[in-house]
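Please find my notes on this structure below. They are set out as numbered points.

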Amino acid sequence: MFVACIDIGGTFTDLVLYREGADLEIHKSPTTPGMFERGFIDVLEVAARSHDMALADFLSKMNMIVHGTTVSTNALVEGKVAPTGLICNAGHPDILTLRESPRKRAFNIKIDFPPPYIHRSRTCEVRGRIDSMGNEVEGLNDDDVRAAARHLKACGVEAIAVCLLWSIVNSTHERRVREIIEEELPGIPVTLSHELNPIPREYRRTISTAINASLYPIVSEYVGNLTRALKKAGYDGELLIANCVGGMMPPEEIVARPIYSVMSGPTLAPIAATSLTDASNVIVVDMGGTTFDVSALRDRHLVVTPEATFGMEMLGIPKIDVRSVGAGGGSIAWVDAGGLLRVGPHSASAVPGPACYGRGGTEPTVTDANVVLGIIDPDYFLGGRIKLDRAKAEAAVGKIARQLKIGLMEAAYAIYTTTNHNMIGAIEDITVNEGIDPRDSYVVSGGGATACHIGDMARILGIKSFMVPRFAAGLSAYGGLISDIRWEETGTLNTTDRDFDLAGVNRLLASLKRRGGAFLKRSGLDAKWQRFEFAFQGRYLYQSWDIEVPFDLPEGKLAKGALAELVAAFHAQHERIYTIKDEADTVEFTTWKVRAIGDTGGKARRGSPLSPQRGKIRPKSSRNIYLDKGFREVPVYDASLIGAGAKLEGPAVLELPTTTILLLDNQKVRVDGQGNILVDLVRE
């Protein structure tokens, strides 16, 4: 029986296939923008043909399909979300306009003040008030809610977000608002802030509720189309969809909370890294067709951020910290008004794709530059399944050469190095800018295009070691294949170490754990496959921003002596993040979290071990590659024929059907037992 993970990227849709007792397989098919479910079925057909099976027969042997989707991310980036209305307290219609005090780019005068996520014309105020202790100060005015519903209907909204003050401690008013909307506007989906994101910060709770509501019709339609397409093709097994907190959810759960599907695909790459290396601190890079994504493991833990943004908006929910820049294989090179070469953020995408694909693209891309430089063999792209057109790549890159008044090779190399420095900036953003030296980290290099560039980036950054996984081109898909079902329940209870509410915290944790267990049960997992992780958010008294601190709950509840351990953990985490701590200051606990994790058996899906290398490694050919100041003839190896324990040194090219690895001088390779390429920098 098979298990598959399908990850839809900007250019290709990747499928990593597992079958017990056999090696992992990777298959690719062009992404189909506008009809992503078509590309989903296409890549399944590619995998079926590789096994000489009809699609229906292939799917009949499929136990589970895991999916990382970009539908919600694309909708946000392109602004193609459903028209949405917002209902808020009287006197608070500008929460989405005023936002929070900006923490980043505060001095960039070139940034225009962005419009609110939901326009004021679709923002309705209702009278009624709950205070911070949960007391009803003023009853909800039902007539205001009915008037708001009628107004929003006239505006043509397709979804409604409801965010009222202090609903996190008393949700009566929000629930009544939903009842009235269901009477006035039956069938319109309603998102309540206290159910989606029960945190005390008003803007973050409001923006997450608004985003979730605006994505509901889009994600619901996509998941519906996908499940119908799979059923029509003959699949009746389990389907799981990636979320942005590092796990999977059943389709009905992701439809109910579509905001958790935003940027879910890239969050699978660090999941994959946890299985590929035992290193403590890891940088995970993944260069696809459109973007270059960077994430990290710290002390082997996934880095979760509450500050996730897209454009000028904050998501308002925690997610795996992934930083992205427009530097993919399809990123377009251009010359700006000042005569400087730029690469990205615009991409040739899957349609028409880079010029060398021969599908109508004429703009110069990173892939075109790599073909011109000789790094990519036009006759061996995807193992020879797609033939690239070198002449069209040269014609596209020639535009840049003429604009810059330099030679063709110099222009291609300028595109190559500019792309590398764009990606280095993204790596520095998640390391240097966070107080971390990248030279102290191990790098896992994923994505079909990254291995052409990682050697040069590692040289510039001074990184000592990096890995190119055997299935680097499907790193995120592999992460989905081994990931667990994961969900996070959150509750607010404000207390301090001076007057710690032990009983209240234990009641809240027990409630969150029950809710997390109910989610796992709905996902079809028995208690023996369930486990839970715990964390709190805290700060020093009068501090503006919280930090997240994990803790253990071995006895199922906090004991009387647990407070000292929580406080010590907070001080240590604060020192790690900010390099300072104040053990004499009061610690304030604000939010409590329980992560519910269900074991799907993914950790065992690693494929067969690689056979040991026998005899001397011999190159299959050699070719001229333009490196820095001129051409060099370098040996080319078929990496699929190299066994475990094999060693060689750069400069060299290692080719796999789905990726090309460029090794530079002083870079030494060793192949591990799973076929991953381990590279160390040899000091001169």
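1. Terms and basis. Helices (H or I, at least four residues) and strands (E, at least two) are DSSP runs, numbered from the N terminus. E174 has its place in helix α6. The model is predicted, so local features need pLDDT of at least 70 and side-chain atom pairs count only at pLDDT 80 or more, while totals for chains, interfaces and linings use all residues. Residues are numbered from 1 along each chain as its sequence is written, and side-chain values use heavy atoms, with hydrogens and water left out.

2. E174 is buried, at 0% relative accessible area. Buried means under 20% relative accessible area, exposed over 50%, and partly exposed in between (1.4 Å probe, protein chains only). Contact means heavy atoms within 4.5 Å. Leaving out residues up to four places away in sequence, E174 touches V162, C163, L164, S167, L192, S193, H194 and R205. I87 is 87 residues from E174 in sequence, yet the two are 9.5 Å apart in space, C-alpha to C-alpha.

3. Overall fold. The chain has 17 helices and 35 strands. Its C-alpha trace spans about 80 × 60 × 55 Å along the principal axes. For 684 residues, a compact globule would have a radius of gyration near 26 Å, and the chain agrees at 26 Å. That radius is taken over C-alpha atoms; the globule rule is 2.2 Å times the number of residues to the power 0.38.

4. How much of the chain counts as buried? The figure is 58% of the 684 residues. Among contacts with a separation of 6 or more, 67% join residues 24 or more positions apart.

5. Surface. The chain exposes about 28600 Å², and carbon and sulfur atoms supply 50% of that area. Accessible areas come from the Shrake-Rupley method with a 1.4 Å probe; for residues, only the protein chains shown count as cover.

6. Charges. There are 76 positive and 83 negative charges, and their mean positions are 3 Å apart. Lys and Arg count as positive and Asp and Glu as negative, with His and the chain ends not counted. Each charge is placed at NZ of Lys, CZ of Arg, CG of Asp or CD of Glu.

7. Salt bridges in general. Side chains of opposite charge can pair when their charged atoms come close. Here a salt bridge is a side-chain nitrogen of Lys or Arg within 4 Å of a carboxyl oxygen of Asp or Glu. The structure holds 38 of them. D484, R486, R531 and E533 are linked in a salt-bridge network.

8. R178 and E195. These side chains form a salt bridge, with N to O at 2.9 Å. R178 is in helix α6 (residues 172–184) and E195 in helix α7 (residues 193–196), so the pair ties together parts 17 residues apart in sequence. E195 counts as partly exposed, at 44% relative accessibility.

9. E253 and R522. What separates the two parts that this pair ties together? The salt bridge itself has an N to O distance of 2.7 Å. E253 lies in helix α9 (residues 251–256) and R522 in helix α16 (residues 502–522), so the parts tied together are 269 residues apart in sequence. E253 counts as buried, at 7% relative accessibility. R522 is partly exposed, at 47%.

10. D299 and R576. The closest N and O atoms of this salt bridge are 3.9 Å apart. D299 sits in the loop between β14 (292–298) and β15 (301–302), and R576 in helix α17 (residues 562–578), so the pair ties together parts 277 residues apart in sequence. D299 is partly exposed, with a relative accessible area of 44%. R576 is partly exposed too, at 42%.

11. R298. This residue lies in strand β14. R298 is buried, with a relative accessible area of 9%. Beyond its neighbours within four places in sequence, R298 is in contact with S280, N281, V282, V303, I430, T431, I436, S441 and R576. R298 and A279 are 19 residues apart in sequence and 9.5 Å apart in space, C-alpha to C-alpha.

12. L276. Helix α10 (residues 268–276) contains L276. L276 counts as buried, at 15% relative accessibility. Not counting residues up to four places away in sequence, L276 touches V444, M467, P469, L475, Y478 and N676. From L276 to P469 there are 193 residues in sequence and 7.7 Å in space, C-alpha to C-alpha.
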